[in-house]
Every structure is written in C-alpha cells, then in structure tokens.
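The sequence and structure come next.

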Amino acid sequence: MTAPAGVRTSPPKEDSDASVIARSQDDPEVFAALFDRHADSVHRYAARRLGAEATEDVMAETFTTAFRLRHRYDTGQDNARPWLFGIATNLIHRHRRSEARRFKALAALPAEAGHDEGPADRAVARAGAQGVRRELAAALARLPPRHRDVLLLVAWGDLGYEEAARALDIPVGTVRSRLHRARKTLRAALGGTDPTAFREAETHA
C-alpha cells in the first residue's frame, strides 16, 4: 500500500531503503524500488532550485550516482532520502550560476496584478518555484551557497536537522548555525518575515 502524497513514513524493516540497497548488490534490478519511492521528491527539490531546464538531468544523475555508490551506503540508516538529497545537492553545485540566474530572474518578474499576500503566499514550499516572491528570490540569490543548501534542504527538501546533516555530511550544530544565519539574512531582507519557516512549522507541528 502506498502512502498518500506528502506523507513521510518509515518502510518496514525488511523492506527499508537500506534493505533495498543491500539486496541490490546481488540483484541490481531491485534498486529500481528506490527510484520509485524517492524520484518525485528529488525532482521537486531540483526543480525549485534550478527550474525545468536542468531538473531532469540532475534527477537522473542523482540515481545513477546513487546506484554506482550503493556499496558505500551505511545500511544502518533505514531511510536513504537524506543520502539522495545530498547527492542531488552536490550535483546542483555544478549549476550554481544557473541557480543564481534563476533566482535573479524571478526577482525581476513583475508582481501579479491583484495579488494579495497571505500565509499561503508566504509558504514557499507549498507554492513551489512559481510561487517564489520576488523579494525572497533576490534574498536567496545573495545567500552564501553553504547557507542556501541548508535552508533549502529543510524548507524545500523537507528534511529535519539531522537529515540535513547527513545529506551534507556536516555536524547537526553546523546545520543549526547555517540555518540561523540564512534565516537572519532573509528576515533582514524581507522586513522581518521568513517565508521558508512556514513549511517547517507545519511539518514538525
């Protein structure tokens, strides 16, 4: 039975992501189950950061890289989602200029006529890339890459702090520090508001 879209569940121990990866060592075709489980979320994350042009390539290479490196996976971690998002984030690094150009282009878009700002407008992760407000896009473009990675893994990748730490292979304390600095920068640029915090509040409520 498949969980509803947007609901994160832990698969049964005998069929966890770690189990799939372990079994794929002898039966490579089993690895397709990992793609079925996580391709949509990886695609959404990449699309929000890069737009449609590079998304398909990033998603495909994420799983190609994961397959090639599956022998290195820590099978003590049942959920491979942070690992996959870490690979995707590293691949997005190759498109830094494209990402910066994307945010700058979004920042230059004219405001929609009759557009009223409200909680739904501020919840960027819910709205997706097209819902990124101009001011937020400009602020994201100015963030240092390491701070933007942490912020968007949490806000758009829907990862917890420990998961983000696993994805980036950094301590949890570093995740908290970078996230704090990124959000301080956003609040300063956006008049004291932080649209990226809405999704996290909903997720961890």
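Is Asp 15 buried, partly exposed or exposed? Asp 15 is partly exposed, with a relative accessible area of 31%; buried means under 20% relative accessible area, exposed over 50%, and partly exposed lies in between, with a 1.4 Å probe and protein chains only.

The model is predicted, with local features requiring pLDDT of at least 70 and side-chain atom pairs counted only at pLDDT 80 or more, while totals for chains, interfaces and linings use all residues. Residues are numbered from 1 along each chain as its sequence is written, and side-chain values use heavy atoms, with hydrogens and water left out.

**Overall fold**

The protein contains twelve helices and zero strands. Helices (H or I, at least four residues) and strands (E, at least two) are DSSP runs, numbered from the N terminus. Of its 205 residues, 46% count as buried. The protein exposes about 10900 Å², and carbon and sulfur atoms supply 51% of that area; accessible areas come from the Shrake-Rupley method with a 1.4 Å probe, and for residues only the protein chains shown count as cover. Among contacts (heavy atoms within 4.5 Å) between residues at least 6 apart in sequence, 67% join residues at least 24 apart.

**Nonpolar core**

In soluble globular proteins, nonpolar side chains tend to be buried together. A nonpolar core is here a set of buried Ala, Val, Leu, Ile, Met, Phe, Trp, Tyr and Cys residues joined through side-chain atoms within 4.5 Å. The largest one has 49 residues, of which Trp 83, Phe 103, Leu 140 and Leu 151 touch the most other members. Helix H4 (residues 81–92) gives the largest share of this core, seven residues. Beyond its neighbours within four places in sequence, Trp 83 is in contact with Ile 21, Leu 34, Ala 66, Leu 69, Arg 70 and Tyr 73.

**Salt bridges**

Side chains of opposite charge can pair when their charged atoms come close. A salt bridge is a side-chain nitrogen of Lys or Arg within 4 Å of a carboxyl oxygen of Asp or Glu. The whole structure holds five salt bridges, including those in the table.

| Arg 23 | Asp 15 | 3.3 Å |

Asp 15, Asp 17, Arg 23 and Arg 37 are linked in a network of salt bridges.

Arg 49 is buried, with a relative accessible area of 0%, and Asp 149 counts as buried at 4%. Helix H9 spans residues 145–155. Leaving aside neighbours within four places in sequence, Asp 149 is in contact with Tyr 45, Arg 49, Thr 89, His 93, Arg 96 and Leu 168.
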